[in-house]
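Colleague: I would like to learn how to read strands, helices and contacts in a model. Can we work through one together?

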Amino acid sequence: MRTITYRDALREAIREEMRSDERVYILGEDIAGYGGTYAVTKGLFEEFGEKRVKDTPLAEEIIIGTAIGSALGGLRPIAELMTMNFSLLASDLLVNSAAKFRYMFGGQPRIPMVVRMPAGGGAQRGAQHSQFFESWYAHIPGLKLVMPATPYDAKGMLKAAIRDDDPVLFIEHELLYSVKGEVPDEDVEYTVPLDRGEIKREGRDVTLVTFSRMVHICQQAAEELAKDGVEAEVLDLRSIRPIDLDLVLDSVRKTNRVVIAEEGWKYYGTGQGIAALIYEHAFDYLDAPVGHVTGKDVPMPYAKSLEKAALPSYADVIAAVKAIVPARTLAAGAR
Amino acid sequence: MAIRDIALAGLTREQLLEMHYQMTLIRRFEEKAAEEYSLGRIGGFLHLYIGQEASGAGIISALRPEDYIVSSYREHGHAILKGMEPRVVMAELLGKATGCSKGKGGSMHMYSAEHNLIGGQAIVGAQLAIATGLGFAIQYQGEERVAVSLFGDGAVDEGAFHESLNLAALWKLPVVFVCENNQYSMGMAVTKAWSVASLEPRAAAYGMPYARVDGMDVLAVRDTMLAAVAHAREGEGPTLVESNTYRFRGHSQADPAYYRTREEEALWRTAKDPITLFETRLKVEGVITDEVIGEHVQKADEVVEDAAKFAEESPDPDPESLYEDVMVDPRGAIAWRTKQGSPRD
């Protein structure tokens, strides 16, 4: 095992898959000479050249159109959108073409395509550069959508996504790129499935269901809660569509309490969808209403203090847990 | 008349007659489809190609089987011209399991991997972006194919048109962009929608060759396309072709076309009918007779009746197929699953 950044893990995944499969290529804005806005693709142009590392104009629709068309023509594209915010300019092709073709054309075409995009807030990038739209895309049958939280998962899931024969949206939190974590040595081949979550921390009192950067915040919160005698189980969903619902339901049946923590907006989003599934399938196991920690219901403000207030915090997670764990658990912890 | 000589010289009598038959076939097919629609056997929208036969026949006759076409929702004629059996096209119109898209696509979503028809696309402009991507795959893999995007005059006002033309020109992709300009994007006349009178300045904006052709003259269309396709195949990059044509019916079968005059329609239908024009030409050249024309109509009617019978007698899709083919990975098709098995919502 080595310790590398999330950014380096992603680059390794792309490099390894490009080395092993000639059909894999990457395209996007400033991914070649510039090395990618977040330096994920740095050095790949030097290794693979102009044919396989394609800088595109600032034109999200044709980036995705090229990816889809070339996938239909036999290639395995990895498209980078500079941020998820710009994916809306290409959202028609993602929703109406990538997600629909296989079904509406009677199972004939396949679209082995990965679309990578950074998302999320916390770096004072303002209202138009700090958003999560994963629930919009996760709503669509025909797409896979994953949001790994660690370098290990980033590498393993990106390799799996590149090898997958369906369109996969791969969402990276901007603040995770420099996060370090353990990853197997370069000669150790591994992938991480695109449809399985993971228990990051076991606990008996409450289940924290989360994904992407909030996984790290929930892990910190769980450590703090343990000091008060509350043992939180932290689940990293890793994949939003399909969702590993067994993992969630098994944990809820054990702890009988659940808090969902996400960075996006509350209403009609990913967390509410998961809450509805929990109520539908584990209602009788619940000893308290499902708790929900989210970003505030406002466009992201710029000022540091306001942005901090708009984002869900570690304290919010602790408060949400304490609101639903019984007083006796907290009292026992205090003793 | 250099074009005429080259075009006629380039095709044998048999090829010319086959071209006439194909044009007759796709017209009779659409007339039958209109009948099936009026009987309630075809649902949704039905956009007919009647009046535009010379455009499609000329375009597709310039292609090889391995060349891709990516079309619009007005694609029944393109599908048949590209080699699809009228039976599977009609069965798709009737939503039957034997349709090319297993009854899941309908009129606007014909597809054939075998014939390299990459869809009827019902989001205007998508066919340009998809064709650009196919062009990139061709170039990347060193293939000798060409990708042809077929779209109407409405598509050129979409953002995808500009993004596609720019990238295809920038990367010199083997793509031919063909605007089948039938003068109206639904009810909007080209003259009211375009800030310029033709597509020439739009092609110039991307440094791309432009060719305008009478889309009612099948041989002229073929000739123009042969040049554009050769240009693309030789690695010289894309061309924007404007084929001027006219749909004799409304935008769809639900459209009474109140936005245009009956006089205008009559003029096109009588003086510019592409099949009549071609017949006149072939008669002058001594290629066809009224008797042969009659035989072609009769044969086309037989094929179309057979297609309709096949479609009507074909089974509806199996209810179980509702959940099939959402994705390649059947486990990934459904948003979630439990140990009890994948629920179907």
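Modeller: Start with a pair of residues: G152(B) stands opposite E180(B) in β4(B). This is a predicted model, in which local features need pLDDT of at least 70 and side-chain atom pairs count only at pLDDT 80 or more, while totals for chains, interfaces and linings use all residues. Residues are numbered from 1 along each chain as its sequence is written, and chains are lettered from A and ligands numbered from 1 in the order in which they are written.

Colleague: In which sense do β3(B) and β4(B) pair, and over how many bridges?

Modeller: Strands of a sheet pair through backbone hydrogen bonds, either parallel or antiparallel. Here β3(B) and β4 (residues 175-181) of chain B are parallel, with six bridges. Two strands pair if DSSP finds at least two bridges between them. Helices (H or I, at least four residues) and strands (E, at least two) are DSSP runs, numbered from the N terminus. Strand β1 (residues 68-71) of chain B also pairs with β3(B) in the parallel sense, over three bridges, and there V70(B) stands opposite S149(B).

Colleague: How many residues of strand β3 of chain B are buried?

Modeller: A residue is buried if 20 or more other C-beta atoms, placed from the backbone, lie within 10 Å of its own, exposed if 12 or fewer, and partly exposed in between. In β3 (residues 147-152) of chain B, six of the six residues are buried, so the strand is largely enclosed by the rest of the structure. A147(B), S149(B) and F151(B) point one way, V148(B), L150(B) and G152(B) the other way, and all are buried.

Colleague: How do I check the length of a helix, such as α3(A)?

Modeller: The expected span is 1.5 Å times one less than the number of residues. Helix α3 (residues 60-72) of chain A has 13 residues and should span 18 Å; its end C-alpha atoms are 18 Å apart, which agrees. Because 13 of its 13 residues are buried, α3(A) is largely enclosed by the rest of the structure. After α3(A) comes G74(A), whose phi is positive, near 110°.

Colleague: What is the order of the strands in the open sheet of chain A?

Modeller: The order is β9-β11-β10-β13-β14 (chain A), five strands with mixed pairing. At the edges are β9 (198-201) and β14 (291-293) of chain A, each pairing on one side only. Within the sheet, β10 (residues 206-210) and β11 (residues 232-236) of chain A run parallel and are joined by five bridges; T207(A) stands opposite E233(A) in β11(A).

Colleague: Which strands does helix α8 of chain A lie across?

Modeller: Angles run from 0 to 180 degrees between N-to-C directions, along lines fitted to C-alpha atoms, for helices over the stretch in contact. Helix α8 (residues 214-227) of chain A lies across β9, β10, β11 and β13 (258-261) of chain A, at about 170° to β11(A). Helix α12 (residues 314-324) of chain A packs on the sheet too, touching β10, β11, β13 and β14 of chain A.

Colleague: How many residues of chain B are in contact with chain A?

Modeller: Two residues are in contact if their C-beta atoms, placed from the backbone, lie within 7 Å. By that rule, 44 residues of chain B are in contact with 46 residues of chain A. The elements giving two or more residues to this side of chain B are β2 (117-120), α6 (126-141) and α7 (159-170) of chain B. The largest share, twelve residues, comes from α6(B).
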